[in-house]
Amino acid sequence: MSADLLSTSPDEGCALLIGDKEKLISPNSTWKFCIRFIWPCCNIWSNQKINLNDWNNSFVEQVCKKGSKRNRFLLDPREQIYAQKWARQKNWEVLGTAHSHPHGESKPSDSDLDMVSSEGLMIIVNGAQSIRAWWLSNDPLTPPQELKYIISDQYIEN
Ligand SMILES: [Zn+2]
């Protein structure tokens, strides 16, 4: 996964994490995530107008004037819908996203936190291939929580 995410360096690379989760009763009622498939995505961050719906265009116009693909990523919402449909057919779900910080730390940046619209898993790999996993809340007052263990089992479709 880290090689794929860093293949777009110096730009950020991104992917969707697909799989399932189960609530563990002990020790602390935590979640166990099982990543079954990593869905590579194009980073569509642009300072130009993107052919998306009106809501997204106004969002992109407001936010995308800051930064570039070198320190930002944006997933195509159409690609997210395709991934969700595909995952549902397998009784899986989109657990979150993965992306690279070729020039930074493997922790969520301020812009990552600004862009969070729903809670979920976020894996970040940096240029030194340090991989860290985070749980992001959609409550802006709740800081990202680093996850200690990830069970990964990439599914290969025949
Ligand atoms: Zn980031």
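Let me start with a definition: a residue is buried if 20 or more other C-beta atoms lie within 10 Å of its own, exposed if 12 or fewer, and partly exposed in between, with C-beta atoms placed from the backbone. Take Lys-21 as a try-out: is Lys-21 buried, exposed or partly exposed? Lys-21 has 14 other C-beta atoms within 10 Å, so Lys-21 is partly exposed.

Before we go on, two notes on what you are looking at. This is a predicted model, in which local features need pLDDT of at least 70 and side-chain atom pairs count only at pLDDT 80 or more, while totals for chains, interfaces and linings use all residues. Residues are numbered from 1 along each chain as its sequence is written.

Now the overall plan. The protein has four helices and seven strands. Here helices (H or I, at least four residues) and strands (E, at least two) are DSSP runs, numbered from the N terminus. Reading from the N terminus, the order is α-β-β-α-α-β-α-β-β-β-β. Of the 158 residues, 26% count as buried.

Among the contacts with a separation of 6 or more, 60% are between residues 24 or more positions apart.

Let's go to the strands. Two strands pair if DSSP finds at least two bridges between them. Strand β1 covers residues 14–23 and strand β2 covers residues 31–41; they run antiparallel, joined by 10 bridges. If you want to find this pairing on the screen, look for Gly-19, whose bridge partner in β2 is Ile-35.

Our friend Lys-21 is in strand β1 too. Leaving aside neighbours within four places in sequence, Lys-21 is in contact with Trp-31, Lys-32, Phe-33, Cys-34 and Leu-95.

Which way do β1 and β3 run? They are antiparallel, and six bridges join β1 to β3, which spans residues 93–101. Here Leu-17 stands opposite Gly-96, and Cys-14 has His-99 as its bridge partner.

What about β3 and β4? Six bridges join these two strands, and they run parallel. His-101 stands opposite Asn-126 in β4. Together, β3, helix α4 (residues 110–115) and β4 make a right-handed β-α-β unit. Right-handed means that, with the strands pointing away from the viewer, the path from the first strand over the helix to the second runs clockwise.

How many of the nine residues of β3 are buried? Eight of them are, so to speak, under cover: β3 is mostly covered.

That brings us to the core. A nonpolar core is a set of buried Ala, Val, Leu, Ile, Met, Phe, Trp, Tyr and Cys residues joined through C-beta atoms within 7 Å. The largest one here has 29 residues, and those with the most contacts inside it are Ala-15, Leu-16, Leu-17, Ile-18, Leu-95, Leu-121 and Ile-123. The elements giving two or more residues to this core are α1 (2–6), β1, β2, α3 (77–89), β3, β4 (120–126) and β5. In soluble globular proteins, nonpolar side chains tend to be buried together. As for Leu-16, its contacts beyond four places in sequence are Trp-39, Cys-41, Gln-80, Ala-83, Val-94 and Thr-97.

Helix α3 deserves a look as well. It has 13 residues and reaches 19 Å from its first C-alpha to its last, close to the 18 Å expected at 1.5 Å a residue. That expected span is 1.5 Å times one less than the number of residues.

Most residues other than glycine have a negative phi, and most peptide bonds are trans. Just after α3, Asn-91 takes a positive phi of about 60°. Asn-91 has 7 other C-beta atoms within 10 Å, so it is exposed. Gln-129 also has a positive phi, of about 65°, and is found in the loop between β4 and β5. With 12 C-beta neighbours inside 10 Å, Gln-129 counts as exposed.

And where is the cis peptide bond? It joins Ser-9 and Pro-10, with omega about 15°. Pro-10 is in the loop between α1 and β1.

Key: Two residues are in contact if their C-beta atoms, placed from the backbone, lie within 7 Å.
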